[in-house]
Amino acid sequence: MQNAEKVQNCARVLQSKLPRGFRPEIGLILGTGLGGIVEAVDDRVCIPYGGLPDFPVSGAPSHEGRFVAGRMSGVPVLVQQGRCHLYEGRSAAEVAAGVRVTALCGAGSLIVANAAGALHPRFESGTLMLIDDHINCTGASPLTGPDVGSGDGPRFPDMSRPYDPEYIRLAEDTALRLALRLEKGVYVGVAGPQLETRAETRMYRMLGGDAVGMSTVVEVIAAVQAGLRVLGFSCLTNRNLPDCMAPVAVEEIIAVAETVGADLRALLCALLPRLR
Ligand code: HPA
C-alpha cells in the first residue's frame, strides 16, 4: 500500500461493500483493548481488512482487523477495529492507509484511540487522557517519498495544531458533564515493540511527554495532510515512572485498556453528536 492509486482502489472496493448511500462523517481508529467499543455502533456492517486489495492486515494482539461502518449515537462512522503498526514491519505509508481510505470515503474528522503508558507522575493507570499534542519519536513519516502530486494534500502540512482545539474543548466539556476523569497531555509516539527503559522514560518525560505509546502519530500526520479534523484519546494502561519502574506485560495493558474502554465508549457516545 504505497501509492495513491492503491489507496484509491482500496477505497473504491470498501465503498462498494458499504450500504448504499452510506457516507461516514467521522473515522474512528480503535487500538489495543478498545475494539469492544464497536458494540456501540448500530446497524453494523463489517468489512475485514483481508478482503480489501493490498490493505495491511494487523497481527497485533487484540486487534480485530476490520472496518466497521454504522451509526454511533446517530452519527455515521467508519471504524477501524484494530490497526497495523510500525513494529509489525509495516511502512509508515501502510500504517496511514486506513486514514487515507477513510478520508476518500468522505469522512471529515478522525478520532484516534490507543493504549499508552503514563509519563506524567500524577496520571494514574486506568484513566483516559485527551491528546493535546504529540511528539513523533518513531523516526518515520507517512509523507516521505517523491512528491508525485497525488492529491493527498499539502507537501509540507502545518502541524501547529494537529488536534482540533474546538473538538478538545467539546471533549473536555462532555467529560465534565458525564463526571468522567479526563487528563490532557502530550503523547509521545515510539516505534516499539519493546517497552521503554528507565533512561528512555526519563528522556521522554524531559522532552515534554505525558504518555507514551506505539501508534497514532503516523496516522495523525496523514490525517492532518488530508485536512481531517482530529481528536485523540489515550487509555493509560500503566505508569512509566523512571524511578519506580515496574515491569509491565502486554496482557495487563490489554486488560486495563478494556476497562478504560467502557469510559471511552460512554464519552464517545455523548460526544459524537456534538462534533457535527
Ligand atoms: N509504552 C509504550 N507503549 C505502551 C505502553 C508503554 O508503557 N503502555 C501501553 N502501550
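These legends walk you through close-up views of one predicted model.

The model is predicted, so local features need pLDDT of at least 70 and side-chain atom pairs count only at pLDDT 80 or more, while totals for chains, interfaces and linings use all residues. Residues are numbered from 1 along each chain as its sequence is written, and side-chain values use heavy atoms, with hydrogens and water left out.

**View 1. The shell of residues around the ligand.** Here you can find Ala 115, Ala 116, Gly 117, Leu 195, Glu 196, Val 212, Gly 213, Met 214, Thr 237, Asn 238, Asn 240 and Ile 253 around the ligand. A residue gets into this group if one of its heavy atoms lies within 4 Å of the molecule. By class, the shell has six nonpolar residues, five polar and one charged. Strands (E, at least two residues) and helices (H or I, at least four) are DSSP runs, numbered from the N terminus.

View 2. Look at Glu 196: an N or O atom in its side chain is 2.7 Å from a nitrogen atom of the ligand. Thr 237 has a polar side-chain atom 3.5 Å from a nitrogen atom of the ligand. On its own, the ligand has 260 Å² of accessible area, and the protein covers 95% of that (Shrake-Rupley method, 1.4 Å probe; for residues, only the protein chains shown count as cover).

View 3. On a 1 Å grid over the protein atoms alone, a pocket is an open set of points with protein on both sides within 12 Å along at least five of seven lines, a cavity is a set where a 1.4 Å probe fits but cannot get out, and lining residues have an atom within 4 Å of a point. Of its 24 lining residues, Thr 32, Tyr 87, Ala 115, Met 214 and Ile 253 are the closest to the centre. Strand 5 again gives the largest share, four residues.

**View 4. The largest cavity.** Two cavities of 30 Å³ or more turn up in a search of the whole structure, and the largest has a volume of about 60 Å³. Among the residues lining this cavity are His 85, Leu 86, Thr 138, Met 214 and Glu 219. Helix 6 (residues 217-225) gives the most to the lining, three residues.

**View 5. The second largest cavity.** About 50 Å³ of space lies in this one. Its lining includes Tyr 49, Phe 55, Arg 83, Cys 84 and Glu 94. Helix 2 (92-95) and helix 3 (97-104) each give two or more residues to that lining.

View 6. Most residues other than glycine have a negative phi, and most peptide bonds are trans. Asp 43, in strand 2 (residues 42-48), has a positive phi of about 50° although it is not a glycine. From Gly 192 to Pro 193, the peptide bond is cis, with omega near 5°. You'll find Pro 193 in the loop between strand 7 (182-189) and helix 5 (198-207).

Methods. Polar contact = N/O pair within 3.5 Å; in protein donor to acceptor, adjacent residues only side chain to side chain. Nonpolar A, V, L, I, M, F, W, Y, C, P; charged D, E, K, R; others polar. Points joined across faces, edges and corners; volume = space filled by probe spheres on them.
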